[in-house]
Structures are given as C-alpha cells and as structure tokens.
Amino acid sequence: MATYKKRGYKPKTKKEKVEAVEENSTTAEVFNTLDEGASKTEEWVVRNQKYIIGVIAAIAVVVLGYLGYNKLVAEPQQKEAMNEMYTAKKYFEDAVNGITPDSLYTMALNGGEGKYGMLDIINEYGGTPAANLANYYAGMAYLNLKDYQNAVTYLSEFSSDDKMLGPIAKGGIGDAFVQLEQPEDALEYYEKASKMQANEFTTPLYLMKAARVALDLDMNQKALDYLKQIKSEFPTSTEASQVDVLIGKAEASL
C-alpha cells in the first residue's frame, strides 16, 4: 500500500534510498522527454518559419484584399454604374408614362445624348447590383417593344427579393411566353410570380393570369383552385371582382 511522505522527508533504510533514486530518475526522464519535445517543436518552427510567415502573409493578403476590393473597387464601381444609369432610367420612366414610348424604350436600351443605355451598363459593369437592375429594365423594355425572346433572356438574368420587382420580373417572363405561344411555360412563370413575396397587388394579379392560362390548357381544377384562392384571400383586389364568372366556367368544364 502506498504511504504519504511529508515534504523534506529523508529516506532512512536502504530500500527507501533505492526507491528515492528511482523516483528521481523517473521524474528526470519525464522532464527530459518534455524538453526533447519542446526542442523538436522549436526546431520545426525554426526550420519552417519562412513557410509559416508565408501562410500568415497569404491569409492577411486575402483578408485585406477582400476588404480593399469592396472599398476601393466594388463600391466606387457600383456608384459609377448607378450614375451612368440615370439617363437610361429616365428614358424608361418617360416611356412608361406614354411619352413616345417605342423610341424611348429603344433609347433606354441603347443610350442617347452620349449616355449609356441599359445594355451598356450590363456589359460595362457586369456583376454589380446596377447591372442586375439594368437586366430588369432591359427585359421590360424589350417586352414593351414586343421583342419577347430578348425580354425572356434579360428578365431571366435579373434576381431580386424586392416585394414588387421580383414577382413582376417573373410575371413579365410569363407575359412574354404567352406572346410566344408557349402557354405551359407562361403558366409556370405566373405560378412562380404568384408565390413570390405575397402581397395585395402582384399575388392576385398573377394568380388570375395563371388561372386564365390554366383554363386555356383545360387544366380546369388548377384554374378553379387559383380563382378560389383569389376570392378567399384577396377579396378586395381588382381580380376578385372577376372571379365568379370564371369560377362558373371552370366548374362547368370539370
């Protein structure tokens, strides 16, 4: 059985002296092992310090480069792109308000008075939020100019979580597919638009468009479901005033 020995205890018997020597030797070995391990670690650090410094420097360069890019490149580029877009955006807004719309939509796309159009913004500032927004304007301009294939192309490049712009872009693609006589594709995009960012304006609008296309495709149960959703969830919407007649039509066709 092990016995407790007070600090300062001196071995008296031969056996105790032997045990003390062995104990001191074991302790010395432990410390020697630790010293050897520390020495090996120090040697590795010395041998590889250039590599270590290089790794740390590389990490620092990446971090600082990312911060520097945002501050010195991305932010100024976005600001410049938005400034360049101002005139093209004004052309688009004037066209929407009915001021010689065809020519203004064209100028919104291609530019005028020495200023960039939306297509220039997309090409010159690709990857910026301004270029993303320019895809929306370009797509809607092409839609109004009856260039439906380009409308689909540019609106498909636009992405947004905005409550209005996101659904309107998807709905615009649906409108283009209707004109291209691709009703199945139109229905798909109207459904996507109706499910994005639910609100009192775009949701019933695209539910109604989806219902009408579904009726044309003889998908009467689907049309009926959309019409009843408008009636129950959006009773004060403009579309709600039209649903009863269409519900009757859908039910009669089941």
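At what angle do helix α10 and helix α11 pack, and how far apart are their axes? In this predicted model, local features need pLDDT of at least 70 and side-chain atom pairs count only at pLDDT 80 or more, while totals for chains, interfaces and linings use all residues. Residues are numbered from 1 along each chain as its sequence is written, and side-chain values use heavy atoms, with hydrogens and water left out.

The protein chain has 11 helices and zero strands (DSSP runs numbered from the N terminus, with H or I of at least four residues for helices and E of at least two for strands). Buried residues (under 20% relative accessible area, 1.4 Å probe, protein chains only) account for 33% of the 254 residues. The accessible surface of the chain is about 16300 Å², and 55% of this belongs to carbon and sulfur atoms (Shrake-Rupley method, 1.4 Å probe).

Helix α10 (residues 220-233) packs with helix α11 (residues 243-252) at an angle of about 155°, and their axes lie 9 Å apart. Axes are lines fitted to C-alpha atoms over the stretch in contact, and angles run from 0 to 180 degrees between N-to-C directions. The angle therefore makes α10 roughly antiparallel to α11 (over 145 degrees). On the α10 side, the contact (heavy atoms within 4.5 Å) is made by N220, L224, L227, K228, I230 and K231; α11 contributes V243, D244, L246, I247, A250 and E251. These residues divide into seven nonpolar, one polar and four charged (Ala, Val, Leu, Ile, Met, Phe, Trp, Tyr, Cys and Pro count as nonpolar, Asp, Glu, Lys and Arg as charged, and the others, Gly among them, as polar).

How values were computed
Angles under 35 degrees count as roughly parallel, over 145 as roughly antiparallel, 65 to 115 as roughly perpendicular and the rest as oblique. Buried means under 20% relative accessible area, exposed over 50%, partly exposed in between (1.4 Å probe, protein chains only).
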